[in-house]
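Here is a protein chain to look through. The questions ask what each label rests on.

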Amino acid sequence: MYRYLIVGKPFKNLRDKILERGDDYTLLQDVVATKFPDKQFKRRTLADFSSREKILEAVRGLDGHFDGVITVYENYVLP
């Protein structure tokens, strides 16, 4: 089983495909881009995407390790 970090938007087909394979994921989503920031979801963590440092701080706060990272956030381009 692999575990992925999805950074950005929660595309349903991508999430379903990961789970269908028997793998797992955690979604790191921009707090500004979410419709329901107060609602808790099992696999979602909200972060401030206003700077690279804040994103990395949020990633460091996540439990466990990730076998891969999938970025699907076209609003920001970070070096």
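This is a predicted model: local features need pLDDT of at least 70, side-chain atom pairs count only at pLDDT 80 or more; totals for chains, interfaces and linings use all residues.

Residues are numbered from 1 along each chain as its sequence is written, and side-chain values use heavy atoms, with hydrogens and water left out.

Q: Why is T26 called buried?
A: Its relative accessible area is 10%. Buried means under 20%, exposed over 50%, partly exposed in between (1.4 Å probe, protein chains only). T26 is therefore buried.

Q: What makes the pair T26 and R3 a polar contact?
A: Their side chains come to 3.0 Å. A polar contact is a pair of N or O atoms within 3.5 Å; within protein, one must be able to donate a hydrogen and the other to accept it, and residues adjacent in sequence count only if both atoms are side-chain atoms. The 3.0 Å pair is listed as such a contact.

Q: Which residues does T26 touch, not counting residues up to four places away in sequence?
A: R3, Y4, L5, I6, R43, T45, L62 and F66. Contact means heavy atoms within 4.5 Å.

Q: Where is T26 placed?
A: In strand β2, residues 24-30. Strands (E, at least two residues) and helices (H or I, at least four) are DSSP runs, numbered from the N terminus.

Q: Why is β2 described as largely enclosed by the rest of the structure?
A: Because 6 of its 7 residues are buried.

Q: What makes β1 and β2 a pair?
A: Strand β1 (residues 3-8) and β2 share 5 bridges, in the parallel sense. Two strands pair if DSSP finds at least two bridges between them.

Q: What is the strand order of the open sheet?
A: β3-β2-β1-β4, with parallel pairing. The edge strands are β3 and β4 (68-72), since each pairs on one side only. β1 and β4 pair over 5 bridges, and Y4 stands opposite G68 in β4.

Q: Which elements make the right-handed β-α-β unit?
A: β1, helix α1 (residues 12-20) and β2. A crossover is right-handed if, with the strands pointing away from the viewer, the path from the first strand over the helix to the second runs clockwise.
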